[in-house]
Amino acid sequence: MYAMSDLPHEDLGASWRKARPRPAGRHLDSAASSRQSHRALEAAAHHARHEAELGGYVAEAASDDLLQQGRSVIGGLAGMAAADVAFGESAQAALVALLTGWRLPAGSRVACLPGEYAPNIAQLRTYGLRPEPLPVDGVGRADVAAVARLLADDPPAFVHLTHIPSHRGVLQPAAEIAALCREAGVPLVLDAAQSLGHADTDLGADVVYGTSRKWLAGPRGVGVLCVRPALARQLTPVLPEPEGVPPMRAFESGEAHVAGRVGLVVAVGEHLAAGPHRVRERLGAIGRATREILDGVGGWRVIEPVDEPTATTTLTPPDGVDVVDARTRLLTEHGIVLSAIGPERAPGEMTGPVLRVSPHLDASIDDLEALAAAL
Ligand SMILES: Cc1ncc(COP(=O)(O)O)c(C=O)c1O
C-alpha cells in the first residue's frame, strides 16, 4: 500500500491544488489539457477586461513588458533568449510557422520516431517533406548509437524528435540526440508539447516548440516556437519585421488571443516559482506510483517502464474491453477524467488503443487507488 509520504515534495502538491479551482472529479488528464490556476485565470480575465476598457490594441501595448518577460522565461526553459521566442496558437501552429519559414526543398528527408504524432507527420508531408524513421528500441525510445550511425552515414535535412509522445509516457534521450545532431551539423527540432513543464527542455535543440495548456497549465489556444538565431536566420517569414524588431516576431500571429498569452506568462511564472527541478521529481514519482498501483489491475497492463521519469502512463486493455467505453464510464460513473488514445494517434508504433493516465502535481495516492478500484 502506498502512503502520501511516498511522493516527494508534498508541499508542491498541496500548493498546486490550493492555487486552482476545486476539480469537479478526479482530473488525471494533463497530457490532454491541465487545470489553470486562479492567478492565470484572473490575469487572462483582467486583460480581456482591459481590452473592453481601453481598446484591444491599447491593452496589448500595455501588456508589452509582461509578454516580453514571458518570452524571456519561456526562452529560458528552452535554453534560448526572449528574441528567439514567438507566441502562437498551439504546438501544431508553431510547427506550421517553422515549416512555412524554412522553405525546405520538396523531398527533403526528416528523421522522426516511428511513433511520431500522426498530425506532425501529416504536416511534414503537407510541406513536401519525407519523414523517415529513427532507430528505436522495444518501447519506442531512440537508439542513440544507431542514431549516431544514421547521422554519419545518411544525414537528413533535420531531425524532428517528439520529446515525450502523446500516446506513451516515454522520455526520449533528447540531450544525447542534440549533441549528436550538433556534431553532425543536422538541426534538431524538439516537439516539447508534452515536455514543457514536465521534463527538462534546455538540452541544446535548435528548435523547441510546444503548447500552453498541458504541463505548463496555461490557457488553451496558446503555443510557443523557440528557434536559435543561427536557424532563425535561415527562415523566411511571409512578412519580415522592420529593422530593430527580433526576426522571430514575424512568426507571431498579429491577431491573437492576447489574454491567453498573458495567462500563459503567469502560469510559466508559477512553474518557475515551484522549481522546475522539484516539479520534475514529483511528476516522475507520481508516474512511478501510477504504474505500480495500476499495472495488472482488472487485466489492464502498463506499457512504460515503471521508473520512467514522466507522469504519463498508458494501459492496454484486457481482452474484450473497449477503451473508449472504459474512458466514458470512468468519467460518467466515477468522475475520473483521462483519455482514450486510438492507434491512429501514432500508427507507426501503436498496435491498439490505450487508456492514458496523466496526473499533475496535485494527484494523490487516493486518486490513483480510486482509479484502480474503478478499473
Ligand atoms: C506530442 C504532441 N505534439 C503535438 C501536439 C499538438 O499540440 P497542439 O494541440 O497544441 O497543437 C500534441 C497534443 O496533444 C502532442 O501530444
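The structure is a predicted model, in which local features need pLDDT of at least 70 and side-chain atom pairs count only at pLDDT 80 or more, while totals for chains, interfaces and linings use all residues. Numbering starts from 1 along each chain as its sequence is written.

The chain is assigned two domains: domain 1 takes in 4–28 + 275–374, and domain 2 covers 40–273. These bounds come from an automatic or database domain assignment. Between the C-alpha centres of domain 1 and domain 2 there are 25 Å. Where the two meet, 25 residues of domain 1 are in contact with 21 residues of domain 2 (contact means C-beta atoms, placed from the backbone, within 7 Å). On the domain 1 side, helix H11 (276–294) and strand E10 (313–316) each supply at least two of the touching residues. H11 gives the most, with five residues. Helices here are DSSP runs of H or I with at least four residues, strands are runs of E with at least two, and both are numbered from the N terminus. Sorted by class, this side of domain 1 has twelve nonpolar, seven polar and six charged residues. The classes count Ala, Val, Leu, Ile, Met, Phe, Trp, Tyr, Cys and Pro as nonpolar, Asp, Glu, Lys and Arg as charged, and the others, Gly among them, as polar.

E10 also belongs to a sheet. Four strands make up this open, antiparallel sheet, in the order E9-E10-E13-E12. E9 and strand E12 (339–341) sit at the edges with a single partner strand each, so one side of each has no neighbour in the sheet. Strands count as paired if DSSP finds at least two bridges between them. E9 (residues 301–302) is joined to E10 by two bridges, and Arg301 has Thr316 of E10 as its bridge partner. On to strand E13 (residues 354–357), E10 makes three bridges, again antiparallel. Here Leu315 faces Leu355, and Thr314 stands opposite Arg356.

A parallel pairing turns up elsewhere: strand E5 (residues 158–162) and strand E6 run alongside each other over four bridges, with Val159 opposite Leu188 of E6. In a regular strand the side chains alternate between the two faces of the sheet. E6 is covered on both faces, with Leu188 and Leu190 buried on one side and Val189 and Asp191 buried on the other. Buried means that 20 or more other C-beta atoms, placed from the backbone, lie within 10 Å of the residue's own; exposed means 12 or fewer, and partly exposed is in between.

Asp191 turns up again around the ligand, in a shell that also holds Ser90, Ala91, Gln92, Tyr117, Thr162, Pro165, Ser166, Ala193, Gln194, Thr211 and Gly223. A residue is near a molecule if its C-beta atom, placed from the backbone, lies within 6 Å of it. Four nonpolar, seven polar and one charged residues make up the shell.

Val147, Leu150 and Leu151 are buried, and seen down the axis they fall within an arc of 95°, so they line one face of the helix; the arc is taken from the directions from the helix axis to the C-beta atoms. Strand E3 (109–112) and helix H8 (174–184) are among what covers these residues. The face turned away carries exposed Ala145, Arg149, Ala152 and Asp153.

Leu196 is in the loop between strand E6 (188–191) and strand E7 (207–211). It counts as buried because 30 C-beta neighbours lie inside 10 Å. Leaving out residues up to four places away in sequence, Leu196 touches Leu77, Thr201, Gly210, Trp215 and Leu216. Leu294 lies 98 residues from Leu196 along the chain, and their C-alpha atoms are 26 Å apart.

His9, in the segment before helix H1 (10–18), is not a glycine but has a positive phi of about 55°. With 19 C-beta neighbours inside 10 Å, His9 counts as partly exposed. Arg103, also not a glycine, has a positive phi near 50°. Arg103 lies in the loop between helix H5 (91–102) and E3, and is exposed, with 10 other C-beta atoms within 10 Å.
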